[in-house]
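Let's take a walk through this one together, stopping wherever the fold gives us something to look at.

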Amino acid sequence: MDTIGNSIPRKESWDKVAGTLRFVRDRKEPGLLHAWVLNSPLASASIAAIDLSAALRVPGVRAIVTGRDEPRLTGPIIADRPMLAVDRVRYFGEAVAIVVADRPYQAKRAAERIQIRYEKLPVVHSPTEAFAPGAPLLHERLGEYTRIGEVHPVPGTNIANHVKIRKGNAAAGFAESEIVVEETYAFNTSDHAAMEQRCAQAEVSPDGQVVIHTCSQGPFVVKELVSRYFGIEAGKVVVHVPPVGGAFGGKGSVQLEYLAVLASRAVGGRPVRVANTRGQDIVMSPCHIGLEAKVKLGCKRDGTITAAQITYWFDGGAYSDMACIIAKAAACDSSGPYRIPHLHVDSYCMYTNHPYSTAFRGYGHPELTFVLERTMDMMAKRLGMDPLEFRFRNAIGPGDTSPTQEPLSASEVGNIRECIRRLRQELRQRAAEPAASPPLVRTVGVGCFWKTASSPPDASAGAVVTFNPDGSLNLNVGAVEIGQGSKTTLAMIAAERLRIPVDQVHVTMDVITKYDPHHWKTVASSTTFLVGRAVLEAVDDAIRQLRELAAEVLRVPPEDLEVAQGRVFRRGDPQTAIPVKDLGLGYKYPNGNAIGGPVIGRGNYIMPRLSHLDPETGKGRPGPWWTVGAQAVEVEFDPRDCSYRLIRAYSVIDAGRVLNPQAARGQVMGGVTMGLSFAGRETFQYDNEGIVLDPNWRTYKILPFGEQPDHWIDFVETPLLDGPYGARGIGEMGLIGIPGALANALSLAAGTELNFLPLWPEAIWRARGGSGA
C-alpha cells in the first residue's frame with residue numbers, strides 16, 4: 001500500500017504550529033454581545049428569592065435571564081436538568097442566571113450584583129451515601145421525567161439508571177471456587193482539563209434560523225437537542241464547529257449552547273457569546289465520573305476464574321447527562337478481557353450533590369478496569385502466581401462470550417494473549433537492568449483491558465467526495481477535529497482507495513451541519529471505523545462514476561478500467577487512459593460537446609447488528625468490536641516519604657491494522673500520560689458542604705511536563721474484518737489499563753493494598769498506617 005501503514009503528518013499541523021488555526025473564541029463579529037454566567041456558591045439549596053434590580057442598573061447590560069424565565073428540563077437520555085436552576089441548586093457551580101452585556105466585564109460586574117437568597121438543603125456526598133435507605137432525594141419527580149434513551153431509573157430513589165448483567169449462575173460459580181477475593185474501591189470525580197475552555201455563540205435570525213458556533217464533539221447532537229428543547233424546526237438550526245482544542249469526552253454534552261440561545265433570544269436575536277472561565281469549565285460544566293465499587297472474584301487453585309460479582313455505584317453528580325450510559329458501558333465490559341463463565345453485575349448511576357458527570361476518555365472503562373485489575377492482582381497473590389500468567393490463563397478469545405452473552409470471533413475481539421506475551425517478553429528483557437539503590441524500591445504493575453464502542457444501535461456517519469479541476473479530491477465529513485488527527489486518517493483512507501498521494505486529498509477542518517453529512521459524534525474511538533467506512537463507500541461511488549464516464553469516452557466496458565495515480569486507464573494497457581482532472585467535472589470533447597457533469601461520491605455507514613440490552617439479564621450486543629491490550633507501569637518508590645518516580649510505561653495494543661504508525665504512537669502516549677495524571681494526581685476535593693476546593697489549575701494538580709515516564713509501545717495486528725483496511729479504534733486505549741497498573745505497582749512497592757485514587761504520596765503514607773490514617 002502507498003499510504004496506509006506510513007507515518008503521514010497531520011493535515012492541520014502547519015496551521016497549529018503557525019498559530020493560524022482559528023477556534024471558536026477567535027471569531028470576530030460586529031455587534032457581538034457577551035454573556036456571563038452566575039454560578040451557585042452552594043451544593044444543595046432551595047432558591048428562595050432573586051433580586052435583579054442592582055444588576056440591571058450596571059451600564060452596558062442588555063438582559064438577564066434566570067431559570068424561572070425558562071424552566072423546561074433538558075438531557076440527552078433523561079430530561080432532568082434545567083438550563084438554569086429554577087427552584088433549587090443541586091451542585092456547587094450550577095448555572096443560576098446569565099447576564100448579557102456589551103462587554104464581558106460589564107456582564108461579570110452585573111452578575112456579581114445579583115442578589116439571591118438561598119436556603120440550605122442536605123448534601124449527598126457520595127454515590128453509596130445516595131444509595132443508602134433514607135438518603136435525601138435530589139430528584140423527587142424522577143418518575144415523571146421524559147426518557148429519551150435506553151435507561152432504567154428507579155423513582156423514589158437517587159438511582160438514575162440500574163443496569164443488570166446476569167450471565168451464568170453466580171451462586172454455582174462461587175460454589176466451585178476454592179479461593180475468593182472480595183474488595184471495595186473508590187475515587188472522586190475530576191476534570192477533563194482540555195486546554196480550550198468551553199465556548200458557544202448563538203444568533204437567532206428574524207426568520208427563526210438559529211446559528212450556533214461551538215467547540216463541541218457532537219454538532220449534530222447540538223442541532224438535535226436545541227431543536228427538541230426550544231421547539232425549533234431542525235432544519236433551521238445550523239451548528240458550526242471549527243477545530244476543537246481538546247475535549248476527551250467533555251465536549252460531547254450540550255450546555256453552553258442552550259445558554260447562548262437563551263441569551264440571544266433575550267436580546268432580540270443578536271449574536272451572544274458564552275465563554276467559560278477555567279473555574280467555570282472545571283465545576284459548572286460536566287466533569288469526569290467518580291466511582292465506588294465492590295468486587296468479589298472466585299477462582300480455582302489452578303488459576304481458573306469461576307465467578308465474579310460486581311457492584312458499581314457511579315457518581316453521576318446532580319444530573320444524569322451521559323453518566324447513566326457510562327454505567328451501562330461499564331456493565332457491558334465488566335469482565336475485562338477475561339473468560340468469566342458466571343458473572344453477576346449491578347451497575348448504578350447515582351445522583352449526588354457533585355458537579356454532573358459525562359463521558360471521559362475511555363467511557364467508564366478506566367474505572368471498571370482499575371477495580372478489576374486490582375482484584376486480579378490480589379487474586380494472583382493469593383494463588384502465588386505471576387500476575388501476567390494469571391491473566392494469560394484466563395484471557396478471553398474467539399468462541400467465548402461477552403458479559404452480555406454475545407459470541408466473540410477472532411476479528412471482533414482481537415488477540416489479548418499475544419498482547420500479554422509481548423509485554424511479558426519486554427518486561428523480562430528489562431529485568432536485567434540495574435536495580436534501584438536502597439532504600440528506593442523499583443516495582444512493575446500490570447493491567448489488561450478491553451473496550452467496545454458503546455454507541456447507540458443507530459450511530460451512523462456519511463461522507464461526500466468531489467473533484468477539483470486539477471484532479472485532486474475534496475472530502476467532506478461530519479467528524480470533528482479535536483486534536484486526535486482523524487481528518488488526516490480519513491484523508492489517508494480516501495487516498496489509498498483512489499491510489500493518489502494523500503496531499504491531493506483536501507479535508508474541510510470545520511464542520512457545518514447545514515452542509516456536511518451527518519455523523520453521530522466524534523467519540524468512542526469510533527471515528528476511523530464509522531466515518532472511515534463511509535469514506536470508502538464514497539470513494540468507491542466516485543470511482544464507479546469515473547469508470548462509467550471514461551468507458552463512454554474510451555469505448556471500453558467499465559469493468560475493464562482501473563483508477564490510480566490520477567488516471568483512468570484500461571487494465572493491461574496503461575496508454576489507453578484519461579486523466580481524472582478531465583473527468584471529475586464532466587468530460588468535454590474536442591468539438592465542445594460535454595457529458596457527465598461533476599462526479600459526486602456519496603457514502604454512508606451505520607453500526608452493524610447492535611441491539612438494546614435485556615433489562616433483566618443484560619443480554620444483547622452493545623458494540624461492533626473490541627480493542628484489547630496489555631499495559632504496565634514501572635515506578636521507583638521511596639518508602640521513607642512514600643514519594644515515587646514514574647520510570648517507564650509499557651503498552652501493547654491490538655490495533656487491527658495500524659494506519660498511521662507515528663500518529664498511533666502519539667495517541668497511546670497521550671492516553672498513558674492522561675491515565676497516569678488521573679491515577680496519580682487528579683481529583684476534586686470537596687469540603688463538608690460539597691464545595692469543590694480546587695476549582696482552578698493552581699490547586700487542581702495535573703501531571704506536569706518533565707514527570708512523564710519513558711514509553712515503550714507495540715502493536716498487535718489482528719485485522720478487524722469490518723474495519724477500514726482492518727483498523728479498529730485506539731484513541732482511548734492508551735489510558736484504560738494505566739490506573740490499575742500504577743495502583744498495582746505502588747501496592748507492591750508500598751506493601752499495602754491501594755484501592756483508591758489518586759495515589760498521592762500522603763494518601764499512600766496514610767494507607768501504610770501513617771499518622772492520622
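Two strands are said to pair if DSSP finds at least two bridges between them. Seven of the nine residues of strand 9 are buried, so the strand is largely enclosed by the rest of the structure. Bear in mind as we go that this is a predicted model.

Next, have a look at Glu 203, which sits in strand 11 (residues 199-204). Is Glu 203 buried, partly exposed or exposed? Its relative accessibility is 30%, so Glu 203 counts as partly exposed, given that buried means under 20% and exposed over 50%. Setting aside its neighbours within four places in sequence, Glu 203 touches Glu 29, Gln 209, Val 210, Val 211, Ser 264, Gly 269, Arg 270 and Pro 271. There's also Ala 260, 57 residues away along the chain, whose C-alpha is separated from that of Glu 203 by 8.1 Å.

Now jump along the chain to helix 14 (residues 486-498). Its 13 residues span 18 Å from first C-alpha to last, close to the 18 Å expected at 1.5 Å a residue. Twelve of those 13 residues are buried, so helix 14 is largely enclosed by the rest of the structure. Among the buried ones are Lys 487 and Glu 496, along with Leu 490, Met 492 and Ile 493. What do the buried residues of helix 14 pack against? The list takes in strand 21 (460-467), strand 22 (473-477), strand 23 (505-507), strand 24 (511-512), strand 25 (561-564) and helix 15 (527-554).

That last partner deserves a stop of its own. Helix 14 and helix 15 pack at an angle of about 35°, and their axes are 9 Å apart. The crossing is right-handed. On the helix 14 side, the contact is made by Ser 486, Thr 489, Leu 490, Ile 493, Ala 494, Arg 497 and Leu 498. Helix 15 brings residues including Thr 527, Val 531, Val 535, Val 539 and Ile 543. As a reminder, an α-helix has 3.6 residues a turn, so residues three or four places apart point the same way.

Just past the end of helix 14, Arg 499 takes a positive phi of about 60°. Most residues other than glycine have a negative phi, and most peptide bonds are trans. A few other spots are worth checking with that in mind. Gln 405, in the loop between helix 11 (387-393) and helix 12 (410-413), has a positive phi near 65°. At 28% relative accessibility, Gln 405 counts as partly exposed. Then there are the cis peptide bonds. One runs from Pro 438 to Pro 439, with omega near 5°; Pro 439 is in the loop between helix 13 (416-430) and strand 20. Another runs from Leu 757 to Pro 758, with omega near -5°, and Pro 758 is in the loop between helix 18 and helix 19 (761-767).

Four strands form an open sheet in the order 20-31-32-33, with mixed pairing. Strand 20 (441-452) and strand 33 are at the edges with a single partner each, so one side of each has no neighbour in the sheet. On average, neighbouring strands here are turned by 15° against each other, direction ignored. Inside the sheet, strand 31 (residues 626-638) and strand 32 (residues 643-654) pair antiparallel over ten bridges, and Gln 631 stands opposite Ser 651 of strand 32. In the loop between strand 31 and strand 32 you'll find Cys 642, which has a positive phi of about 65° although it isn't a glycine. Cys 642 is buried, at a relative accessible area of 0%. Helix 18 (residues 738-750) lies across strand 20, strand 31 and strand 32, running at about 30° to strand 31.

Finally, find Arg 728, in the loop between strand 33 (710-716) and helix 17 (733-736). Arg 728 counts as buried, at 4% relative accessibility. Where does its side chain go? The side chain of Arg 728 reaches the backbone oxygen of Thr 718 at 2.8 Å, and one of its polar atoms lies 3.3 Å from the backbone oxygen of Glu 412.

Note on methods
Residues are numbered from 1 along each chain as its sequence is written. This is a predicted model: local features need pLDDT of at least 70, side-chain atom pairs count only at pLDDT 80 or more; totals for chains, interfaces and linings use all residues. Side-chain values use heavy atoms; hydrogens and water are left out. Helices (H or I, at least four residues) and strands (E, at least two) are DSSP runs, numbered from the N terminus. The expected span of a helix is 1.5 Å times one less than its number of residues. Buried means under 20% relative accessible area, exposed over 50%, partly exposed in between (1.4 Å probe, protein chains only). Contact means heavy atoms within 4.5 Å. A polar contact is a pair of N or O atoms within 3.5 Å; within protein, one must be able to donate a hydrogen and the other to accept it, and residues adjacent in sequence count only if both atoms are side-chain atoms. Axes are lines fitted to C-alpha atoms, for helices over the stretch in contact, and angles run from 0 to 180 degrees between N-to-C directions. A crossing is left-handed if the near helix is turned anticlockwise from the far one by less than a right angle, and right-handed if clockwise.
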